[in-house]
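Hi,

Here is the model I said I would pass on.

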Amino acid sequence: MAEDIILESLNKLLTQQATTQEVNEIDHGADWGLLWQRIENNGFVNLMLDESHEGASISFQSLSEYSRLCGKLALPTPLIQSIIFKYCHENVFGEHDLLPITFAIKKQTDDSKILSAENIPFGKFSKSVLIYELHTGHKQIALLPIHAATNTDSGFKSLSYLDCDWEDGLAEAVKLDSPHDWHSIGAAVTASLIAGALESLLELTLQYAKDRKQFGRAIGKFQAIQQQISVLTELAAVAKTAAQLAFQTENIEQLDQLQCAIAKAQCSVAATKCVKIAHAIHGAIGVTAEYQLQLFTRRLLEWSHDYGNAEYWHGIIGEDLIRHDAKRTLHFLTQHA
Amino acid sequence: MLLDSFNIAKLPNDTQTLREQVRSFIEGYEKKVPVIEKSKSWMGVDPDLSRGLAEKGWLGVSLPTEYGGQGLDALSRFVIVEELLGHSMPVGAHWIADRQSGPLIMKYGTENQKRYFLPKICAAEAFFCIGMSEPNSGSDLASIHTRAERTTEGWRLNGQKIWTTNAHGSHYMIALARTSGSAEDRHSGLSQFVIDLKSPGIDIRKIRDLTGDHHFNEVFFNDVLLDESSLIGTEGNGWDQVINELAYERSGPERIYSSIILCDLWLDFIRERGAPSSSVTKLGEIVARLVVLRHMSITLATQMKTGLSPITEAALVKDLGTELEQDIPAQISNELFRFPHVSSPRSLRGALSYISQISPTFSLRGGTREILRGMIARDLGLR
């Protein structure tokens, strides 16, 4: 019950402070600092901490709904990532002003002194980046301020991505041993952001189909359009279920990589397909900066690739099944999911 | 909003023992079932299997004990059915009776009907088939012409049903017939009857499917006399009853697992021989879709347990599920035959051949893809 009230208060704050117009302006270069300050001042980054740390002891499981809300409202800044990071590494906060923080995979480079990451999700709307290594097994992470990057590139037409190099990067980084699987956490959070954004995408598309008239009637009266919107609904339902799957464990320490993999893979598939359907139904208005559809479709396109796209995770799930001792597909399903 | 119905639900831990018991029974039985029969999934018919399950008390489990059932909930039935279908067992003999005829009689039947039919269903002594489609009434079910007219002692039935799965192996049919008005009256004036298929005036003729198998039929009614007790539920209420029946028919694991034998055989092959990364990825994709659909199906079973009737939600899951069932043979074929020089097991190729041919039916039976999507559109307020 208390959690419902907190969720509702975040909803209220974001609905007022991150209106579609404001999000649109931030997306196109306006300062996001004030919006973030309001979120931080209201204590939402402490959500998972306990009351002695000014938190609300929100469980990892319930974070799924908060994340879906952020996706639904196209919140530009990485709030959920920041909440999780602060919960996991509360001790580093005394001396460093790190939030909002995003996660990115360390790019392999020839020069061991340069630390690089590319297509950093939420990069344009973050203060720092948690860099982790993929496939190494060791759990060291590096925290790097974006302003210290020697080379940043946002010259391409992405929504949120940055490319960053930090020369002598390891020297200026805060290095930490972290027991957490940041790649899977990134996948889980992004999956639920997708699920939330798809709810808005569906609402917008449905309303548009009811309002827009051609050939003397609402386009939603045409069976061809109805069938497309039904498919969009089905995929949004898949994404919602899949995203919830990633948050089934009691706490973040027990995060199940396979469930995160399934969640992210299936949400990525849904995102890509739904973006196509929504744009097709909207016609030209959907690709204008003014109309809000793009707030969601641009995000969905980025999110579908962040922290592993569908193919990447499907490959990992396939390998998992092949290595598993389950004799039958069903045995794998009933043991694991 | 339709999406609000989809909140992930888990099977309760206490279903685990039941699952293990059913699995252990299946592992003892399945050596008797050839791969080609397994490929038929719930279209495969094996009355011995049905009787074996009945002896264990696993037919009609959700019916009350006083009628021969176990009084268990929808989630227990989910687990039993999932084990059977997930191991590709030929459950066709009792399938319709267990899934929908029993629950329908329980919900709408008279006390006498319940006492007569339900114990027989639980004992695998009464197999049922569905009398809905007619030659000119497929998706447009309300336009049926089969007619039951009142007589002094009951009803006289005339007309024809078609695509009736396992009519030739069933004891009874529950049929939708017009009892008043005409086809133009649409949803009003329809009623449901339970018909003993040995009654005089019934002619069952087989229709061979494209693989040469005989699983569905035409059923003709020529002045078939039904007594008063044949009517199920309320005269004229047949449409509502049928819609309710379809929720049982659409939400279960049978809309996910029809092609599962292919996953199992392909997995064996990959484990033995290795596979290119594209095959590993495809396998992962199939499993990921299965996991999510399985959870959606559990969500619906959980809602049905609490007395809800998630009709549109069931349509949504069925559409997604049958699409996956159809994609499985297509994707495995693509992967397997990319390498024409590589030998693969006959059993895998045999199952692939059968399922590829029969898979178009997956999205026809129980309501076509277009009808289901139309139901979703209606729920969204577009129709």
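A nonpolar core here means a set of buried Ala, Val, Leu, Ile, Met, Phe, Trp, Tyr and Cys residues joined through C-beta atoms within 7 Å. A residue counts as buried if 20 or more other C-beta atoms lie within 10 Å of its own, as exposed if 12 or fewer do, and as partly exposed in between, with C-beta atoms placed from the backbone.

Some housekeeping. This is a predicted model, in which local features need pLDDT of at least 70 and side-chain atom pairs count only at pLDDT 80 or more, while totals for chains, interfaces and linings use all residues. Residues are numbered from 1 along each chain as its sequence is written, and chains are lettered from A and ligands numbered from 1 in the order in which they are written.

Now the core. The largest one has 225 residues, and A:Ile194, A:Leu198, A:Ala239, A:Ile262, A:Ala263 and A:Ala270 have the most contacts inside it. Helix α7 of chain A (residues 182-211) gives the most to this core, with 17 residues. Contact means C-beta atoms, placed from the backbone, within 7 Å. Leaving out residues up to four places away in sequence, A:Ala270 touches A:Ile194, A:Leu198, A:Leu235, A:Ala236, A:Val238 and A:Ala239.

As for chain A overall, I get 12 helices and nine strands, taken as DSSP runs (H or I of at least four residues for helices, E of at least two for strands) numbered from the N terminus. Of its 337 residues, 51% are buried. Among contacts in chain A with a separation of 6 or more, 71% are between residues 24 or more positions apart.

The contact between the chains takes 38 residues from chain A and 39 residues from chain B. On the chain A side, α7, α8 (223-246), α9 (257-282), α11 (310-323) and α12 (329-336) each supply at least two residues, and α8(A) gives the most, with 15 residues.

Last, the sheet. In chain A there is an open sheet of three strands, in the order β2-β6-β5, with antiparallel pairing; strands pair if DSSP finds at least two bridges between them. β2 (115-120) and β5 (151-153) of chain A are the edge strands, each pairing on one side only. β2(A) and β6 of chain A (residues 162-166) pair over four bridges, and A:Leu115 stands opposite A:Trp166 in β6(A).

Cheers

How values were computed. Two residues are in contact if their C-beta atoms, placed from the backbone, lie within 7 Å.
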